[in-house]
Every structure is written in structure tokens, then in C-alpha cells.
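Please look through the sequence and model shown below.

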Amino acid sequence: MSNATKRSQATEEPAPIDWYDPQERDENAEAFTDEEQPSAGHSADEQFNDAALARARATLKNRSGVTPRIKALRKLARESSIGIKQRTIFLSAAELDEMRKPHEQMGLAKLFEAWCLNGNENWLNPIVELKPITENLGNFSGHARALKPFIFVLLQLARGGISPAEFVRYVLLPRMAFDHDWRRWRERHYWALNRIAEVLIAMRGKAPFAERYLGEGRTLTDIVLVKYVGKPLARFPTHVLEDEELMKKYQAAWRRLRLANPVFLLFLRTNVFPFLYRLSGKVDLIQLVPIVTYAAELEPRFDRAFPSHDTSSVQEVFSVSLYNDFEANMTARQKKGLTTFSLVREIKAYLRIIRTLIDSNAGIYLSGHFAALLRSVLDPDAAEALAQALPDVYDTGGMRAYRWHAQRLIHLEPEERRAFVEQIREHRGLHPAYPNRDPDQLFTPPELEAEQQDYERLASELKLGLPPNRPKRLQTLRDQVSEQNADRKPVIDSCVSELLHGKDRSWTDQRITLFDSLGPHLHELMIRSVISGIGRGFARQHLKAGSFAELFERYGAANRHSAVSVTRIAAVPERPFRDTGPPQNAKLRERVQFAMLRSLASTVLEHDDAPPLQEFIRLLNRRGQELDDALRDRREQKINKGESGNSRAVAALKAQRARIQAVFNHWDELSEVERFVTAIIASARVAERGDELERFAIAQFLNRYKNRGAVAPRLEYLKQDIAPERMTLRQLGYLINTLETMLAEARHDWDKPETVFPAGENLEAAAGPFATVRRGELTSETFETSARRLLGITQAEIERGSWRDLQDQLSGASSVPRTLVLSCGKSAVDAYFGDMSAGATSSEPDAITRAGLQIVRLGDRTSGRVFGSAVLAYSKAGVPSLKVERYFATYGFTILREQLQRWSRKQWLFTYFQYRLLLEQIAARTGLPVFLAGLGSPGIVSGCDELAELIVRYERWTEAPEARDAAVPPVYYSEPAFRRGLLIIDPRKGRGFTAEQSIANLKLS
């Protein structure tokens, strides 16, 4: 038959295969598995037990008349690198073959010789692998001479550096094991096997099969060559294998591959090679060539997507293949009247789908999902339509868009599919019916949701009709009032400007009356729109007064106290957020602590249901036993050294053990919700990162809040979208937003009449010893601080800030200056100092009436709002250890979390430097040092732990001296919590004036 005739036949649609017919059924594939390394069932140790091995050795030892040829074989065996058990059995077979008459010999001696000379420690004994064939000969009265031609084929392979045992397992057995007519073996199989061997030998010395191992891994090249290149050829008839043009195309397709990336190899093993094995001889070989070619096109993409050679993290991703149960699927196909050619079409379509997914950020993690989807419909037309449509879907950075569009498309009729694809293209890659086209609206910060509620309420009270397309921000409402009331606009603008710049500190009664003339509803709008944190976050208090007159009457003493007045104007560059592409995302993930972020995402999205709360006692008891062991070891070490058994370390261990005991003593008296609160607060202090206690407490928190109204839709979106291994910066923001929403739900719990806060006697006794804030009392802020620490939100925020820095550099977006206003002074309006950053100190507005305490406001002239604050307190009590008599204590450097989350870490630092530059001016003017108070106590240096960490790290870098004996007038927190700190500015010694140079070094542009 000519090659042209064969090629013309190859294009015809083959007839359906009857998978119930024993002649057609692929029993070979069922019997011979596709394992990478030799299976235990084929090892020499199991095929020949110790008794059989002893008999073989006895035969060799007792045999007389050893010929020079046998001596040479034995010497060769001793010098070979192949394992002793493998070569002993093979040597026995070779010697027995040498003892036969020349015309009965099979050529095992020559094969053994080539096997020893060219093999390595990974080569197995081919005689063991031939056992099914030799059993067939014995069962059907065959003669060993029938194997001689095939031993010759194995000989050629061994001389070519290819393991004959692997060839037997992956090529010879699948072809011959179920053919019991040994008299026709040569006619049916020899020439075909010989041709396959020639192809493999020709490819062995060329890339990618030239080296012993593939790439940088430990995958043996000759096994891959036989299994992946040779096995698909095993069942083709001889005339197909002798088609030179076709075989050249087949070899050329394989030579396009490098097979150096183990993740790519894993993908091929689970999703491509099984089809090549199972379809061998059932479809024309010309159909297998494009499959290999399509696979070769994927390899560079896998190199970019998975540069690491660690496959452990992606084993599950590629564990689901297009047809896990091949035989069952073929039966289903036969019932639908489909042919094997339709399967080839689906394989090609699937590889095209994978090409699109792997070029996306995280789509490749849907490979199993798409495999199952195609498997469910068994429709090659639908598979090809999906492969065509998927490149048009916009890569949102996650998996949800691909998943949704595929689910919708796959079940449509052909005409509907075409219309569906056109709609995707017309709407910039997302079908108009796609839900949450703008997920930013779903992941609105909880603080902004509270502001939107105020917006709707005040708009109703003011009877304002606002256009629906404007953002629901209080600034928008304020601007609308100005637009609709031209006579009020100058008054409103003046009030906003003076509050922003701190000029209210010199207001007269006339000025107060003017601004109150706007009315009570506008007074609330003015205060809430300028001071953005009122009633948000930790700021549980609402308006301090209904008018400015009432506010000044209540807190007017603040205006009568002397204060240092300083104002600074600074421009902070701000870039609009832009997503980066998959290659850039991969580089960015390498430059942040992504393992921690990945762990956080996995914990939130994949956590199991929490066990009963009572389990907490068992886990806490284990921790108590560990502390007992540590205490005993410490004491023994001290006694052995002749020292006292008491030390600071021992005291710390005892204190921790006492706190745990307090939980045991009061657990039975606690209600269910009190037990939950205790578990969270105690675990945050006691649990080690990643241990069972920490996982238990996190699961308790997540299970309590995951189904709440505001949380559930967020979690549902994230579970569909995020692949933790490929999380983007935007998705990290959504993840943190979800956790913040859970914390907001917790705050709602504590606002209810049946709340556990203020803590009752039993809860205070059980969880109070773990509290680190507010005079040792147990508050809702204690719970939230503990939950943040437990969940790792603070560290996630820090990494997000760093990630934003890096992404801004890559985005190429031009920066827009945002004008900051910092003013220091004292006014009745500063009673809102805790609200200016939604901090816990909002509950102590009376602090502003103390002499010596003043506030630094942080405002944004661009939007006309105050969104941060800091405290500056004069102290005459001194810092004895640093020989300081009078000084300013500073703390509470806080930025509204909503703004902090939009900024990069550099912008955080820039803003702190502006705070610090203002403090340096005050220090230079007054000659008094500035002491940063509250080190080691959560919430004092800053209400945002991530900002506190940055501030303290910077000040330690400046080598600011530390003290633990500062006397600082306390606000909200206990007085001892303020004692430890750093003397950051000391004009007496001319040190600490670093902000200006640090701003220049920051290079924020």
C-alpha cells in the first residue's frame, strides 16, 4: 500500500469501536500500568524469593565444566554497576542458555554481556519482565527458540543504551502478552518491534534523550523514551511503522520536546500519554502526531509558569485527567455512537484549553475542572467551541471568570455558542450576564459600608435627590449641598478648610455661631465628612455633641490650655492601582513573603469544620504540660550550675502556666459564647504558629462568622476565584477585606444587648489574664486584637504594602500628588482625636481637656477630610534611665485603615516621616526631647499594628536609646503599658533629626 493511500485513509472517520468485543477491548492497558518507575510487582525480589535465589546460586556453585565463556560472563557480572540480585538471576539464565545446544540457544549470553556493559544500577533484569511470555510458551507447548528474534531486539536496545527490561514491560508485553499463538509471533510482532527499537535507538543519542536523566530532575531518560515514545507505537501494524515519512514526523514532534520540567512531565503523564498508550493501533498514527505537537507547544509555557522543580504543590492540580476511567468512558462513547476520532478531537481541544489557561495567572489550576467538564458532556463540538472561546475571556487574575463562562458555554446549542462568544468579545472579555463584573463593589471595606449607611440616612434627612451614579461618600453629599445652596457654599467651604488645617483652635464665638447656623443635620454632615472615622472600626462612639456650641461648651477647656501650634503641608505621590500580567505577578510573588500569604489563603478558603469548643481544653492542657516540662528543665539546668532556680525566663513560664490554669479553673462556669471568646484570646497568646491549637482557634473563628450575611458572598466569590498558589495583589486585598468583614461582624455581636462585653466575672477571670490592653481589663478591643494576631492579618497587611510598592514600580502608571495637611494644637474639636483614625481611644474624648496633651491631625486637602491622628503629651516626670527631666511623649500614630489599605508601604513610611518632621520642628522650637511610648503593648504606638511595626523598626534603625521607666500620662490604656519606649529625638544632643534625609532617601515618586 502506498503512503498516499495510507494518508488518504487516515483522514476518513473510523468506525466506532465495540468496546464489548474481546478482540477490540484494550485489556493490555488494563494489565500493564503507566507508572513512572518499575512497579513492585516486577522487582527481582518478589519474582524470585529468597529460596529461588538460593537455588540459583547453588546451581552456579555446584555446576562443573565451567567454560571460559561463562568465566568471562561472571567476571563481567562482578564488574557491572547493576544490582547483585538483578545480575545474579540474569547470569543464571545466561549460563543455562550457554549450556544448551547451539541451535537451541536464545542469545541470552550476548544480551547479558551488552546489559552489563551498558547498564546502570537502575536497569532491571529483562528475564523477569519476560515471565508472562515464557509462561505462555510453557502453557502452549512452545519452544524457547521462539523468543530468539525478540532477544535480538533486546540486544540491539541494550547496545544502544536503552533498558531492555523497560522495553519488554512497556512495548513488548502490551503487544504480545495476550497472543498465545507463539508459532506466529515472528510474523506478527518481530518486524514491528524491531522497527520500534530502531526508532528508539535513533532517538536515544539526540535531544532531549541524549543524557542519562531528563533535565535537572532524576527521571531516567531511557525509561521515558521507551514508555512515552515507544509504548504508543506498540500496537500499530508493521506497514504503518515502516512508513518513513510518517515516522519522521512522529520523531520530529518528539524532538521538539525537552521534557526538562517535572511539572510539565507530570501533566503529560496524567493528561496526554494515557491517550497515546490506549489509542495505539486504534487510530491512525498520523492522528497522534498533532497531539505530541500540541503538547510541545505547551512546554515553554510550563517552564514560565512553573520554574520550580518541586511537583509536590501541583500533584493535586493535575491528578484529574480528561478520562480517568478510560474503559468506562469508551463504553459511554460507544453508546453515543462516537468514534475514537472524536476522542482525538477532544484531546486536541483540551490541549488548546490548557494553552489558554497556563498563559493566564491562575487558570491552570482549573485543568481538572475542565477535564471533568468535557468528560461530562462527551461532545467534541462543545470541546472545540470552548477551546475557541476561552482566549477571549478576560483574565481577572483568578479562576472564576474562566469557570463561569465555560459552564455556561458548554451546555448551549451550536448557534447559541457563537452568539455567546460574540457577546464576550463585545463586552471586553466578560459576558454581560457574568455576576460581579466589578468585584470591588462586593468587597467594599466595612468602614465604607458604614459610611454608605450614614450617607443614605443623611440624604433622606436633608431631602436631597442625588444621581444614582455618584459614589455614596459623605464628601459627595456635602458637595451636593453646596451645589444646591449657593449661599451656604462659602460657609461650608470655610468650615471644611478650617477644620482640616486646625484653625478651629482659634475660633471665636462668632465663628462657632456662623457654622452652627447651617443646622443640626448639616452639622452632623460636616463633622462626619471631615472626620471620616466616626463610628467606624474601634471608634464605637458617635457624635460628641449636636452642634459646635455644645462641643465647645463640653470640651472648651482644651482651647484655654497652652499648646505648641505647628502646621505642615506635604505632597504624597499616589498611583492608581493597575493589575499586572502573569509573568510580572510571578516575579512579585518571589519578592514578598508569599508562603505566609498562601498559607493564610489556604486556611481561610479550605479550612475544615471546627471540632466542639470543649476540644480547646485538651489542646490547652497539652500546652500546659509542655510548659511544665520546660519549667522542670530550666530548674534542673539552674541546679546543675549551682544557681538559683528563679530567673526572668522561669518567671515568664510560670506566668504563662498560671494564665492557662485560670482557664481550667473557670471553664465550666462560662457560657458558650464566653468559651469562644476565651479560646480566641488565649490561643492568640499561647498557640505557636502553625500548631494544632492555632488551627483549632482559627477554625472556631471562621466557622462562627463565615455564614454571616456580609461574609458569605465574599467567601463564595473567593473560593471560586483564588488559587492560593497564584494569588494576586488584588485578591489578597479581597481576602483581607473578608477577614475585616468578619471582625466587623464580631463588633456587631458585641453591640447587641446580650453581649459578653463588658466582661462578666467568670470571663474576666478566665480570659482577663491574657489581655494586654486597657488597664488589664477585658474588652471587645482585646478580642479583636487577639483575632487579628491569630489570623495573621497584620503581617498580611505589611506584605500587601510591600507588594503594592513593587507593583507600582511595574505598573508604569504616572503618580498623582495628594496634598497632606498635618497640624498640631489643641481644640474642643480634638475630642474626636480617637475618631480621626477609628481608634479605640474614641471612647475617651475627655482626655483632650488635660493640660499638656495635644493632638496632631492628619488631613487630606484633596478630599477635604481628616483621616489620621497622633498624640503629643508633655511630661515633667522624666525618664530617669536616660537622664531626661522634661519631654514630650508621643504615640497613637494612626491612619484610617481604609486609606492605609490603598497605600503602599513606602507611602505609609512617607506619612510617618511627615509626622516625625513635625515633631522634630516642635523639639527644635521647645528644646525638649520626644519619647515614643508604648513599645511592646498593642495599640499604643499605633492603632494599626502594621504601621506600629514599621515605625518601631525605623526608630530602632536610627539607634534611638530605649528606656523602660518613662512616666507617661495614660490615655485609655494602663499606665505601665506606656513606660517602655524609645527616645527618638533629643535636641540636647542634636540627634534624631532624621526625617528630612529619610524622605529624600525614600525616593517616592
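## Cysteines

The sulfur of Cys824 lies 20 Å from the closest cysteine sulfur, that of Cys944, which is too far for a bond. The structure accordingly holds 0 disulfides, a disulfide being a pair of cysteine sulfur atoms within 2.5 Å. Cys824 is buried, with a relative accessible area of 2%, and Cys944 is also buried, at 3%; buried means under 20% relative accessible area, exposed over 50% and partly exposed in between, with a 1.4 Å probe and protein chains only.

This is a predicted model, in which local features need pLDDT of at least 70 and side-chain atom pairs count only at pLDDT 80 or more, while totals for chains, interfaces and linings use all residues. Residues are numbered from 1 along each chain as its sequence is written, and side-chain values use heavy atoms, with hydrogens and water left out.

## Aromatic pairs

The structure holds 43 aromatic pairs, where rings of Phe, Tyr and Trp (its six-membered ring) pair if their centres lie within 6.5 Å, and planes under 30 degrees apart count as stacked, over 60 as edge-to-face and the rest as tilted. Trp507 and Phe515 form a tilted pair, with 4.9 Å centre to centre and 45° between the planes. Trp507 counts as buried at 10% relative accessibility, and Phe515 counts as buried at 1%.

The rings of Phe616 and Phe696 have their centres 6.2 Å apart and their planes at 20°, so this pair is stacked. Because Phe616 lies in helix 35 (residues 615–640) and Phe696 in helix 38 (residues 692–705), the pair ties together parts that are 80 residues apart in sequence; helices (H or I, at least four residues) and strands (E, at least two) are DSSP runs, numbered from the N terminus. Both Phe616 and Phe696 are buried. Elsewhere, ring pairs link Phe676, Phe701, Tyr705, Trp750, Phe757 and Phe783 into a cluster.

## Charges over rings

The charged end of Arg186 sits over the ring of Tyr190, 5.1 Å from its centre, and Arg589 lies over the face of Phe594, at 5.8 Å from the ring centre. A charge sits over a ring if NZ of Lys or CZ of Arg is within 6 Å of the ring centre and within 35 degrees of the ring normal.

## Surroundings of Val871

Val871 lies in strand 4 (residues 865–875) and is buried, with a relative accessible area of 6%. Leaving aside residues up to four places away in sequence, Val871 touches Phe833, Leu853, Gln854, Ile855, Ala889, Thr890, Tyr891 and Gly892, contact meaning heavy atoms within 4.5 Å. The C-alpha atoms of Val871 and Leu853, 18 residues apart along the chain, are separated by 7.2 Å.
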